[in-house]
Amino acid sequence: MNRRLLATALATAIALLAPSAHAAFPDKTVTLVVPTAPGGGNDAMARIIAQKLGPLLGQTVVVENTAGANGAIAAEFVARAPADGHTLMFGYIATHAMSPALQKLRYDPVADFAPVGLVGYSPTLMVSHPGSAIKDVKDLVAQLKAKPERYAYASAGNGTAPHFAAELFNLSAGVSMLGVPYKGSAPALTDTIAGQTQVMFPSFFSALPHVRADKLKALAIAGPKRSAQLPNVPTLKEMGIDGVEVQQWYGIFAPAKTPKAVVDQLNKLLNQVLTDKDTMKRIEDQGADVDTSTPEQFGQLVKTEMVKWTAVVQRAKIKPD
């Protein structure tokens with residue numbers, strides 16, 4: 001009997017000393033994949049978060065820009081990555097609502113991801129090249145009605161918020177602008193600043209530094225209210241153009257089947273980062289509103305947005321090309 005007890009005690013001790021089959025998370029570098037080119041608003045926010053999240057996790061968090069196919073390449077990569085929490089995605093309204101609503105993709109924005117948490121919102125800003133002959137929104141509409149397609153708008157790609165906002169503007173104002181899709185917001189902004197395109201609907205976060213530097217002219221807010229950052233810029237509704245309210249949202253996703261304990265840990269630390277005063281100020285100074293959520297709340301937002309933008313695609317007859 002004593003020998004049995006001794007054998008059991010030894011077996012228990014060995015089991016406790018043996019390495020766990022499931023190493024504690026995280027046990028290596030965490031990669032945060034950004035589906036847009038460097039230099040845009042998504043990239044800036046991802047880097048702010050990664051810088052703060054790394055020390056809390058006890059591991060380096062590297063930002064990896066994987067632009068292309070309007071975010072689909074990055075989304076497919078993360079959806080098929082090991083579901084262990086070490087590969088995450090900085091997803092947003094385009095990758096997880098607008099683009100899937102517009103076209104069939106090789107990933108499912110709901111089934112292929114485990115929502116970690118919301119990061120925040122940013123209204124869409126209508127801007128023009130400061131050297132163009134566009135005085136304001138009413139002047140732009142008058143010019144386009146007199147000469148359709150006189151101006152071209154830049155977008156971050158088909159199925160992105162700048163694309164949807166511009167097409168909704170065309171529909172609501174009864175005008176026609178030519179669309180020029182780019183591989184991300186940063187190159188689209190660069191060409192608008194250079195005058196290659198004349199109008200764009202970037203996120204407030206992306207556009208604000210260029211507006212402050214007088215490289216872009218703010219025409220209107222494509223959202224429900226004016227911004228405290230640019231209090232003199234009216235909403236499109238105030239300018240007589242209704243139905244163009246495009247508020248972008250951003251959040252962190254993990255691959256589907258990532259263990260709930262890992263998702264919950266990431267959510268807790270992400271929310272800790274987002275309630276840090278320095279982080280909030282750095283993001284909000286650029287015109288974005290920080291917000292937090294549980295994984296479940298964020299998942300419900302994605303489902304609701306899919307329904308919303310699928311209906312917009314049908315109503316506005318927006319095409320992928």
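In this predicted model, the side chains of lysine 52 and aspartate 278 meet in a salt bridge, with a distance of 3.1 Å from N to O. Lysine 52 lies in helix H2 (residues 41–57) and aspartate 278 in helix H10 (residues 277–284), so this pair ties together parts that are 226 residues apart in sequence.

**Salt bridges**

- A search of the whole structure finds eight salt bridges, one of which is the pairing of lysine 52 with aspartate 278.
- Lysine 52 is partly exposed, its relative accessible area being 26%, and aspartate 278 is likewise partly exposed, with a value of 37%.
- Lys52 and Asp278 also belong to a network of salt bridges, in which they are linked with Asp276 and Arg282.
- Aspartate 285 forms a salt bridge with lysine 281, where the closest N and O atoms are 2.7 Å apart; at 29% relative accessibility, aspartate 285 counts as partly exposed.

**Helix H9**

- Helix H9 covers residues 260–274, which makes 15 residues, and reaches 21 Å from its first C-alpha to its last, close to the 21 Å expected at 1.5 Å a residue.
- Within H9, the side chains of aspartate 264 and lysine 260 meet in a salt bridge of 2.7 Å, N to O, and because these two residues are four apart in the helix, about one helical turn separates them.
- An α-helix has 3.6 residues a turn, so residues three or four places apart point the same way.
- Aspartate 264 counts as partly exposed, at 29% relative accessibility, whereas lysine 260 counts as exposed, at 55%.
- Buried residues of H9 include Val262, Val263, Leu266, Leu269, Leu270, Val273 and Leu274, and the polar residues Asn267 and Asn271 are buried in this helix as well.

**Nonpolar cores**

- The largest nonpolar core has 86 residues, and those with the most contacts inside it are Phe90, Met126, Val137, Phe169, Phe201, Leu236 and Trp309.
- Apart from this core lies another, of 15 residues, among them Val127, Ala188, Met200 and Leu208.
- Tryptophan 309, when residues up to four places away in sequence are not counted, touches Ile93, Ala97, Met98, Ala101, Phe164, Leu168, Glu245 and Val246.
- In soluble globular proteins, nonpolar side chains tend to be buried together.

Note on methods
Residues are numbered from 1 along each chain as its sequence is written. This is a predicted model: local features need pLDDT of at least 70, side-chain atom pairs count only at pLDDT 80 or more; totals for chains, interfaces and linings use all residues. Side-chain values use heavy atoms; hydrogens and water are left out. A nonpolar core is a set of buried Ala, Val, Leu, Ile, Met, Phe, Trp, Tyr and Cys residues joined through side-chain atoms within 4.5 Å. Buried means under 20% relative accessible area, exposed over 50%, partly exposed in between (1.4 Å probe, protein chains only). Contact means heavy atoms within 4.5 Å. The expected span of a helix is 1.5 Å times one less than its number of residues. A salt bridge is a side-chain nitrogen of Lys or Arg within 4 Å of a carboxyl oxygen of Asp or Glu.
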